[in-house]
Amino acid sequence: MTSKKMAIMVIVMVMASLVEMSVTIDLCGMTQAELNECLPAVSKNNPTSPSQLCCGALKHADYTCLCGYKNSPWLGSFGVDPKLASGLPKECDLANAPTC
């Protein structure tokens, strides 16, 4: 599991939680809606394949920023499966995504 992939998943979870709290933010080049799009793909319960919108958002995400969240304790508390989170770039066929 690469650090970059883990960072992406952490960000997705943090953003999803903020969305549920009705807080509108942009994080690491991804809007609240884009982060929310990725949440079902990294959910511990009944994960789905990432949507085209999720994968599209990851293409323009600020990976340096996302990597800053890779060790966040929030990941599990938001229901994100770390293995699914770390695999999201591969699931989206983002072969050139940098690693943390």
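**Close-up views of a predicted protein chain**

From the N terminus on, the elements of the protein chain follow the order α-β-β-α-α-α-α-α. This is a predicted model, in which local features need pLDDT of at least 70 and side-chain atom pairs count only at pLDDT 80 or more, while totals for chains, interfaces and linings use all residues. Residues are numbered from 1 along each chain as its sequence is written, and side-chain values use heavy atoms, with hydrogens and water left out.

**View 1. The whole protein chain has six helices and two strands.** Helices (H or I, at least four residues) and strands (E, at least two) are DSSP runs, numbered from the N terminus. Of the 100 residues, 46% count as buried. Buried means under 20% relative accessible area, exposed over 50%, and partly exposed in between (1.4 Å probe, protein chains only). Contact means heavy atoms within 4.5 Å. Among contacts between residues at least 6 apart in sequence, 74% join residues at least 24 apart.

**View 2. A disulfide joins Cys38 to Cys54.** A disulfide is a covalent bond between the sulfur atoms of two cysteines. Here the term is applied to a pair of cysteine sulfur atoms within 2.5 Å, and a search of the whole structure finds two such links. For Cys38 and Cys54 the S to S distance is 2.0 Å. Cys38 lies in helix α2 (residues 32-42) and Cys54 in helix α3 (residues 52-59), so the pair ties together parts that are 16 residues apart in sequence. The link of Cys38 and Cys54 is right-handed, with 110 degrees about the S-S bond. Cys38 is buried, at a relative accessible area of 0%, and Cys54 is buried, also at 0%.

**View 3. A disulfide joins Cys55 to Cys92.** The sulfur atoms of Cys55 and Cys92 are 2.0 Å apart. Cys55 belongs to helix α3 and Cys92 to the segment after α6 (82-91), so this pair ties together parts that are 37 residues apart in sequence. With -75 degrees about the S-S bond, the link of Cys55 and Cys92 is left-handed. Cys55 counts as buried at 11% relative accessibility, and Cys92 counts as buried at 9%.

**View 4. Helices α2 and α6 pack with their axes 9 Å apart.** The angle between α2 and α6 is about 120 degrees. Axes are lines fitted to C-alpha atoms, for helices over the stretch in contact, and angles run from 0 to 180 degrees between N-to-C directions. Helix α2 is therefore oblique to α6; angles under 35 degrees count as roughly parallel, over 145 as roughly antiparallel, 65 to 115 as roughly perpendicular and the rest as oblique. In this contact, Cys38, Ala41 and Val42 of α2 meet Leu84, Ala85 and Leu88 of α6. The residues of the contact divide into six nonpolar, no polar and no charged. Ala, Val, Leu, Ile, Met, Phe, Trp, Tyr, Cys and Pro count as nonpolar, Asp, Glu, Lys and Arg as charged, and the others, Gly among them, as polar.

**View 5. Helix α6 includes buried residues, and Asp93 comes just after the helix.** In α6, Ala85, Ser86, Gly87, Leu88 and Pro89 are buried. Asp93 takes a positive phi of about 60 degrees.

**View 6. Asp62 sits in the loop between α3 and α4 (63-67).** Asp62 counts as partly exposed, at 38% relative accessibility.
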